[in-house]
Amino acid sequence: GSIYLPKFIFYNYKLWIALIMKKSANSLAEKFKKIKLLALDVDGVLTDGGIYYSDKGDSFRKFDAKDGMGISLLLKSGLHVCIVSAGAPGAIESRAKRLRIDHVYTNVSDKLPVLMNLVKRLKIKMCEVAYIGDDLNDLLIFKKVGLSIAVRDSVGPIKAAADIITKNVGGQGAVREICDTILHQINKKSE
């Protein structure tokens, strides 16, 4: 099962990694240092998974501002960020444009080939990709990327396949949590 941590453990970075991750803190820290692309699902990761409908049939999603700031900081550091979602365009593309995410793929039923094509175009390797997902359509990607990350409220098979399970749930700071960890490792690498 998953490990949920008291607040005091979260502040001890090495201990947090060792407990929440299934692998040793050092091997995960090395994986974080290699990351050149953070790939994200949307529904259940960047949002809480809820899709709201108006009486006119328009759909709405709620995005977390802290996740957005984390993404912006990653982009400013020189990392690539992409969205690969089975969700319909509209709000997803609007949010990505506001955050200046250049690589946005919506209505994608088979995410792996899309991500592999982007990796090839960016001239990076799949082992340099971190992917955050929450549901079964993310499972194939989890098996191919360097770092697979499940948000805390992911479905069981995704949690079982993940290298990391976030402390926060989707749409409530889970992406920011990972962005901060990647940035922390980048800063350690440059010291």
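Which residues does Asp67 touch, not counting residues up to four places away in sequence? In this predicted model, Asp67 touches Val45, Leu46, Gly171, Gln172, Gly173, Ala174, Val175 and Arg176, a contact being defined by heavy atoms within 4.5 Å. Asp67 belongs to helix α4, which spans residues 65–76; helices (H or I, at least four residues) and strands (E, at least two) are DSSP runs, numbered from the N terminus. The residue is buried but has no salt bridge. Here buried denotes under 20% relative accessible area, exposed over 50%, and partly exposed the range in between, with a 1.4 Å probe and protein chains only. A salt bridge requires a side-chain nitrogen of Lys or Arg within 4 Å of a carboxyl oxygen of Asp or Glu. The nearest side chain of opposite charge to Asp67 is that of Arg176, 7.2 Å away; Lys and Arg count as positive and Asp and Glu as negative, while His and the chain ends are not counted. The backbone nitrogen of Arg176, in contrast to its side chain, lies 3.0 Å from a polar atom of the Asp67 side chain.

Residues are numbered from 1 along each chain as its sequence is written, and side-chain values use heavy atoms, with hydrogens and water left out. Because the model is predicted, local features need pLDDT of at least 70 and side-chain atom pairs count only at pLDDT 80 or more, whereas totals for chains, interfaces and linings use all residues. The average pLDDT of the protein is 87, and 85% of the residues score at least 70; pLDDT is the predictor's confidence in each residue, on a scale from 0 to 100. Residues 1–15 have a pLDDT below 50, and this stretch has 20 contacts in the model beyond near neighbours in sequence. Where pLDDT is low, the predicted coordinates should not be read in detail.

The sheet is open and consists of six strands in the order β5-β4-β1-β6-β7-β8, with parallel pairing; two strands pair if DSSP finds at least two bridges between them. β5 and β8 (164–165) are at the edges with a single partner strand each, so one side of each has no neighbour in the sheet. Strand β1, residues 37–40, is joined to β6 by four bridges in the parallel sense and to β4, also parallel, by four bridges. Leu40 illustrates both pairings: its bridge partner in β6 is Ile132, and it stands opposite Ile83 in β4. Ile83 in turn has Val104 as its bridge partner in β5, and β4 and β5 run parallel, joined by three bridges. Strand β4 (residues 80–84) is mostly covered, with four of its five residues buried.

The structure holds seven salt bridges. Asp41 and Lys111 form one of them, with the closest N and O atoms 3.0 Å apart. This pair links distant parts of the chain, since Asp41 is in the loop between β1 and β2 (52–53) and Lys111 in helix α6, 70 residues apart. Both Asp41 and Lys111 are buried.

Arg61 forms a salt bridge with Asp43, for which the closest N and O atoms are 2.6 Å apart. Arg61 is in the loop between β3 (59–60) and α4, and Asp43 in the loop between β1 and β2, so the pair ties together parts 18 residues apart in sequence. Arg61 is buried at a relative accessible area of 14%, and Asp43 is buried at 19%.

A further salt bridge joins Lys33 to Glu30, with the closest N and O atoms 3.5 Å apart. These residues are separated by about one helical turn because they lie three residues apart in helix α3, residues 25–34. Lys33 is partly exposed, at 23% relative accessibility, as is Glu30, at 41%.

Two residues other than glycine were examined for backbone phi. Most residues other than glycine have a negative phi. Asn107 has a positive phi, near 55 degrees, and is found in the loop between β5 (103–105) and α6 (111–122). Its relative accessibility of 52% makes Asn107 count as exposed. Lys123 also has a positive phi, near 60 degrees, in the loop between α6 and β6 (129–133). Lys123 is exposed, with a relative accessible area of 76%.

Conventions
Polar contact = N/O pair within 3.5 Å; in protein donor to acceptor, adjacent residues only side chain to side chain.
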